[in-house]
Structures are given as C-alpha cells and as structure tokens.
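I opened a new notebook page for this structure.

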Amino acid sequence: MGINDDHNHFCIYCGEKLEPGQHFCISCGREIYHDEPVVKVIPSKYADKIDEIEHEYDLKQKRAMELLNKLFDSNHLAYDKFASSINRSNQLFNNQLQVTKKIIEVDDDSNELVEKEIESKIKTLETFIDKMDDLINELVIQLSSNEKDNDDINNFFDEMDDLINSVKDY
C-alpha cells in the first residue's frame, strides 16, 4: 500500500487510518508497504561520444601494433621505443576513459562544472587519438637511418612523452 499523497489511507489488515510516511499500523502493528520510488536513469548525452572515442582509439592502437610488428623485428631498438610508447599511451588512455565514464554516470545535465570537466576529458581522449594517428603515420613512412628521420622520430617521442606527462600531472 503506497502512502505518497494527502488522501486518506487505511490499513489493509485492520482498517485503521494511516498517516503519510507511517511504516507500521499503530492499531495492529503490521508493516505498511510503500510503493518504491521509480528511478529513471537518463543516459548522459556524452555516453555515445565516449563509446565512439573508445572504439576509435582501440582500432588505431591495434593498427599501430600491426604496423609495428610488420616493420620491425621485436629485438630492434625502434620496436621497443614504439611499443613502449603505445603501451604507456594505452594505460593512460584507459585510465582517463574510466575516469570519464565515472563522471558521466553522475552527469544529469544540470551541473555546468561537471559538463566542463567531461568536455575537458573528451578533449584529452581525442588528443590520445590524434597522437596515435601521428604514431601510425610515423610507422607508415619509410624509416631510414639518416639524421632527419631520426630527428623526426625523436620529436614524435618527445611529443608523446609531453602528452603522457601532462596527463599524469593533470
């Protein structure tokens, strides 16, 4: 029996008049059953975007690993540098993704601060995707041992390290 309005309600066992919010009948002592409130979960407007970003990143990191395995022997120094960069990126991306998912669980579209934080996290996640694109491009380019190519690779790793460090600091 639900008591959630101002109408007169009576105990279904003895007929005693009940007051709103009462949990037991004062006459017969029986428990008064209240209707459970219906909680409607409204998915965040960001949920689809987060799923899309996660899927895109997964595809790109798999592509990067495929290229890495095709271009280098696993004993090659460049393989270790690229693999290490991919692994660190994956760990931080997944950490940021989980944090973002937790934030959108509490998002009810009414708190501007929460919205800004989600949008900031989305930008961070998209930056990881951009850097994974850069990594793929570096792997696709014919790598040679001349000084310019080494500089390009080192610049790429410096940028990736900067991104990783900035996310760690954040």
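I took contact to mean heavy atoms within 4.5 Å. Among contacts in the protein chain between residues at least 6 apart in sequence, I found that 58% join residues at least 24 apart. The model is predicted, so I noted its limits: local features need pLDDT of at least 70, side-chain atom pairs count only at pLDDT 80 or more, and totals for chains, interfaces and linings use all residues. Residues are numbered from 1 along each chain as its sequence is written, and side-chain values use heavy atoms, without hydrogens and water.

**Fold.** I read the order from the N terminus as β-β-α-α-α-α. Helices (H or I, at least four residues) and strands (E, at least two) are DSSP runs, numbered from the N terminus.

**Core.** I checked burial next (buried is under 20% relative accessible area, 1.4 Å probe, protein chains only). Of 170 residues in the protein chain, 34% count as buried. Which residues touch the most other members of the largest nonpolar core? They are Leu68, Phe82, Leu135 and Leu139, out of 34 residues. Helices H1 (47-71), H2 (77-106), H3 (112-140) and H4 (147-169) each supply at least two residues of this core. Such a core joins buried Ala, Val, Leu, Ile, Met, Phe, Trp, Tyr and Cys residues through side-chain atoms within 4.5 Å. I then looked up Leu135. Leaving aside neighbours within four places in sequence, Leu135 is in contact with Ala64, Phe82, Ile86 and Phe156.

How values were computed:
Buried means under 20% relative accessible area, exposed over 50%, partly exposed in between (1.4 Å probe, protein chains only).
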